[in-house]
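Hi,

Here is the structure I promised to pass on. Have a look at it first, and then read on for what turned up.

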Amino acid sequence: MPLVDSHCHLHFAPLRDDIDAILARAHERGVSHMLCVSVGLSDIGPIQDIMRRDPSVFGSVGIHPNEAGGTDSLFDTLTHLGAYEGIVALGETGLDYYRLEGQDVTRQQTQFRQHIAAARRVAKPLIIHTREAAADTLQILRDEHACDIGGVLHCFTESADFARQVLDLNFYISFSGIVTFKNAQALRDVARLVPEDRLLIETDAPYLAPVPHRGQPNEPSYVSHVAQCLADVRGVSRERIAETTAHNFFRLFKDAVPVDPASAGLGASPVIATEPSHG
Ligand SMILES: [Zn+2]
Ligand SMILES: [Zn+2]
């Protein structure tokens, strides 16, 4: 059963430097589709380059909460770029108070609200990043009526109570390699509770490689370890996790058109290397 990596950054080093091998290895190991996620507006070019070479890769547009770049016209920019073909979601956006590093909380919150408004306008779901900001994240999702459009809480590390509240707001929950970490029992307990029809899996590559690759650069082929961990935790087969999370992916990201595996990975145009915008 093919796996779908619902969140990776193929346009970041070191993945982009070896992109053909990374994509080939993903397909060889049963990853049928990937969603390559923006952290800044300038990511759209590099992401489109990868989408052109492999039609099984989809893209998003958005500004990570720790990235600058939001302006008064952000809503207009996001609605413009968000309408591009192959762009299936807005984000990653949200709040990250862990890595605030002197940044203005108000700026993060304003950008987050602009993303939600733009997602509602273009009718595409949100990819939400939240860290040490649970209460404010919920408040803004409610204020801005994010439940109308839904989306995913990516790389989930929050509590069961937070999970219940975002599920009530029409959101999906995506688990990354963190769920495989030895010290992540509390997170595995949450992973057991998420309804099957709201579950997604991701790598967040090149970060957060799952056990047994922990400490190495992550890549989409490793999403199988996340699937296996959820299968063990939930007492079902890995195939069942693959099937339901793939099905959930295409239900949530309704503009993502699945491709026949035979036609994936056949792109020919060279990827244009650009400077990383996110560490
Ligand atoms: Zn994130
Ligand atoms: Zn990410």
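Let's start with the second largest pocket, where α2 gives the most to the lining, with three residues. Keep in mind that this is a predicted model. Both α2 (44-53) and β3 (57-61) supply at least two residues of that lining. If you want to pick the pocket out on your screen, its lining includes Q48, M51, R52, F58, E85 and D255. The space inside comes to about 220 Å³. What kinds of residues make up the lining? Six are nonpolar, two are polar and four are charged.

Now for the metal. Which residues coordinate the zinc ion (ligand 1)? They are E92, through OE, H129, through ND1, and H154, through NE2, at 2.0 to 2.1 Å. Along the chain, these donors follow the spacing E-x36-H-x24-H. H129 sits in strand β5 (residues 126-131), while H154 is in the loop between β6 (151-153) and α6 (160-168), so the two of them tie together parts that are 25 residues apart in sequence. Are these two histidines, H129 and H154, buried or exposed? Both H129 and H154 are buried, meaning that each has under 20% relative accessible area.

E92 bridges the zinc ion (ligand 1) and the zinc ion (ligand 2), and the two ions lie 3.5 Å apart.

Cheers

Definitions and conventions: Residues are numbered from 1 along each chain as its sequence is written. Chains are lettered from A and ligands numbered from 1 in the order in which they are written. This is a predicted model: local features need pLDDT of at least 70, side-chain atom pairs count only at pLDDT 80 or more; totals for chains, interfaces and linings use all residues. Side-chain values use heavy atoms; hydrogens and water are left out. On a 1 Å grid over the protein atoms alone, a cavity is a set of points where a 1.4 Å probe fits but cannot get out, and a pocket is an open set with protein on both sides within 12 Å along at least five of seven lines; lining residues have an atom within 4 Å of a point. Grid points are joined across faces, edges and corners, and a volume is the space filled by probe spheres set on the points. Helices (H or I, at least four residues) and strands (E, at least two) are DSSP runs, numbered from the N terminus. Ala, Val, Leu, Ile, Met, Phe, Trp, Tyr, Cys and Pro count as nonpolar, Asp, Glu, Lys and Arg as charged, and the others, Gly among them, as polar. Donors are N, O and S atoms within 2.8 Å of the metal (3.2 Å for Na, K and Ca); water is not among the atoms, so sites may look incomplete. Buried means under 20% relative accessible area, exposed over 50%, partly exposed in between (1.4 Å probe, protein chains only).
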